[in-house]
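User: Please take me through this model by question and answer. Keep it brisk.

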Amino acid sequence: MARRTTPAPQSEQEQDEQTQALAQAARAVARRAAHRYRRAVAPHATVAGVWGTGVALHLADVPAWQVLAGEAAVYATAATVRALFPKTRGPLTPRWWQAGTSLWLPAAAELGAFGAMQSLYFAAAGLWTVPYVWRNRSYITRPDPKRRALEAAQQAKALEGPDPIATRWNTKTAGKRGALPGSELTNREEFAHGGAEGIRYRVTLDGQTTEEAMEARKRICSDFGKAINFVHVEEPDGGEQNAAVVTFLKRLAVEDAQLWTEPLLDLETGILPMGPFEDGAGDAALQVWEPGSGPLPCGIFGAMRTGKSSILKIAVAEFARTEGRIVLDYLDPQDGQSCPDLLDYVPHALGIDAIRQRLYDYQAEMARRRKLLSQVEWTDEDGVKRRGVQSYDHPGVHGLPMLVIAIDEFHLVARHEDLATIVHDILAEGSKCGMTVWTLDQNVYVAGMGGGDVLALVTSGNIVVLRNADRRIASATFGQRMVAYPHLIKLYFPGTRKKTKGCGYLLGATDRPVMMRARHIPRMSKAMRDVTPMRLTWADGTTPTLSASEPAQAAQEQVASVEHVSFDAPVQAEVLSPADVATAQQSMLSLLAAADGGLTGPELTVRSGLSLPVAFRVAASLVEQGLARMADDRYMIADTERVS
């Protein structure tokens, strides 16, 4: 038989200790709960307090007008405190829920706080408290282990050592003998996007300007032992001139070339993205035309095998998909050898003779378009009918396609004075009738560009400068608009065997002084699949003598002419005797004396009966002797009395 035992009675001291332990545990739970739910306690307490006040006012039979008077006194007191103590303006700012409370309390005092009034009140209170609790839900739902882990991570971050980049900046760049003395790095931002990785800072300058900070880029690279492409210095978004943005890259977004896969030309804005920036922050883009103004010129410069043709291929693939609204005409003085992949898809003129005929056709086309656009009738915003348009608004307007004349190896064309003159005229005046010139060349020297006037017009539009060996090319093209270093682009990316073909700086729709890389089209046949080749038609409905519809015949004629050429035979040039030169000069002076407004080069050629090269040589000799002078593109007599 089992023995029953009874527990020994607890002493009074043990009971007190147990009670204290329970109370201490309860207080700890209450503190944790209060800390965890502190963001939700305030709105609920406010809701309960206002409702209790409404119940008390109704039970005390307080009239509604007295409640309104009390509320007015409270608002007046709050306004006085806000005016006297600026620090209280935030906490005492009136809020929309206070206005609702001010309307409900007088009604509750008269009608009671139960029934319909209670339902209305708690419905409105729920709409107010639920969003507030939702915004602070992380304080309620976050488990304690995660909270402790977060606090530990924050403490570990606080105990981390100083930023090594900022430390070196303060020691080197911001030192007394540094590139930017007294400057400071702030707003550290790590990023990884578009294939690039790096850290970006805002630089607060001390006495320097943003331009000086951008010019100090090479010295900053020296301070940190970086290649030029791994450090960028740019203007801040706000345009402040006492600050800059500096980026230190760990990985470039352009080490691997991207392929062109789809049309990107915006037919509303005229912006054509060409390829990503090396920091992965968007694409460099050309401004092909300005809405309401017309097409812009484009100069593409770079050493051999740097990717100039890649940009041209992208333009062809894009323009061919505009349903005839944009036509690119390819002119190559090297008989198509510069970029043979384009010849099956664009109208073209190959060789100097064909280019000369095509440019004279463009000169006539420009005159036809000017006449046509001057007769266009339209109605303005006031309903008044008007005649003539001042500009070429967008591609295809008035049935006229936008014509882009792409001239490869431009220095071979610009050395001919008559051709350089026509190109100058198209650059200066063609935009108003939907025509412009894209020039491609290895260098950008004034002599090779047909003179300073042509160079100035080319650089007034889009500029793309790829890898080259002359540091002066950047200043000759970008000028003061961009600090660029195309001459420091190497054949391979630093530390790799990946070529930098297609890398360069672009000034157009974007103007960041950051290297970009043009996208690549490995096979034009794939990019132009199911796309109709572009055709060139003049405003009068005729087509050029050498058009894209006759590539086979043109090629056969060129091959036939090459077969009869002997490369061992000396080149025959037309040579005039001194007597013939004197006769030609007298004849040309007589023509100039009879023309009040002077004559252009082509007009001199026709009226004198001389061949084109001889006519220009004779005219140039007259200018050198001071017997004639140039006025824009016209030759004029310099001394009428002496000639007579």
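This is a predicted model: local features need pLDDT of at least 70, side-chain atom pairs count only at pLDDT 80 or more; totals for chains, interfaces and linings use all residues.

User: How many helices and strands are in the chain?

Analyst: Helices (H or I, at least four residues) and strands (E, at least two) are DSSP runs, numbered from the N terminus. The chain has 22 helices and 21 strands.

User: What percentage of the residues count as buried?

Analyst: Buried means under 20% relative accessible area, exposed over 50%, and partly exposed in between (1.4 Å probe, protein chains only). The chain has 644 residues, and the buried part is 42%.

User: Among contacts between residues at least 6 apart in sequence, what percentage join residues at least 24 apart?

Analyst: A contact means heavy atoms within 4.5 Å. Among the contacts between residues at least 6 apart, the part that joins residues at least 24 apart is 65%.

User: Which residues are closest to the centre of the largest pocket?

Analyst: On a 1 Å grid over the protein atoms alone, a pocket is an open set of points where a 1.4 Å probe fits, with protein on both sides within 12 Å along at least five of seven lines; lining residues have an atom within 4 Å of a point. The volume, about 680 Å³ here, is the space filled by probe spheres set on the points, which are joined across faces, edges and corners. Of the 23 lining residues, the closest to the centre are Met214, Gln480, Arg481, Met482 and Val483.

User: Which element gives the most to that lining?

Analyst: Two elements give two or more residues to the lining of the largest pocket: helix 16 (472-477) and helix 9 (210-215). The one that gives the most, with four residues, is helix 9.

User: Which residues of helix 10 are buried, and where do they lie around the axis?

Analyst: Helix 10 spans residues 217-224, and Arg217, Ile220, Cys221, Asp223 and Phe224 are buried there. They lie on the same side of helix 10, because they cover an arc of only 160°. That arc is taken over the directions from the helix axis to the C-beta atoms.

User: What do these buried residues pack against?

Analyst: One of them, cysteine 221, has a relative accessible area of 5%. The partners of the buried residues of helix 10 are helix 8 (164-173), helix 9, strand 3 (231-234), strand 4 (243-251) and strand 17 (503-507).

User: Is tryptophan 104 buried or exposed?

Analyst: Tryptophan 104 is found in helix 4 (residues 96-111). Beyond its neighbours within four places in sequence, tryptophan 104 is in contact with Val50, Trp51, Gly54, Ala113, Met117 and Tyr121. At a relative accessible area of 7%, tryptophan 104 is buried.

User: Asparagine 187 has a positive phi; near what value?

Analyst: Most residues other than glycine have a negative phi. Asparagine 187 is in strand 1 (residues 184-193) and is exposed, at 56% relative accessibility. Its phi is near 55°.

User: Where is glutamate 409?

Analyst: Glutamate 409 has a positive phi, near 45°. Glutamate 409 is buried, with a relative accessible area of 12%. Its place is the loop between strand 14 (402-407) and helix 13 (410-414).

How values were computed:
Residues are numbered from 1 along each chain as its sequence is written. Side-chain values use heavy atoms; hydrogens and water are left out.
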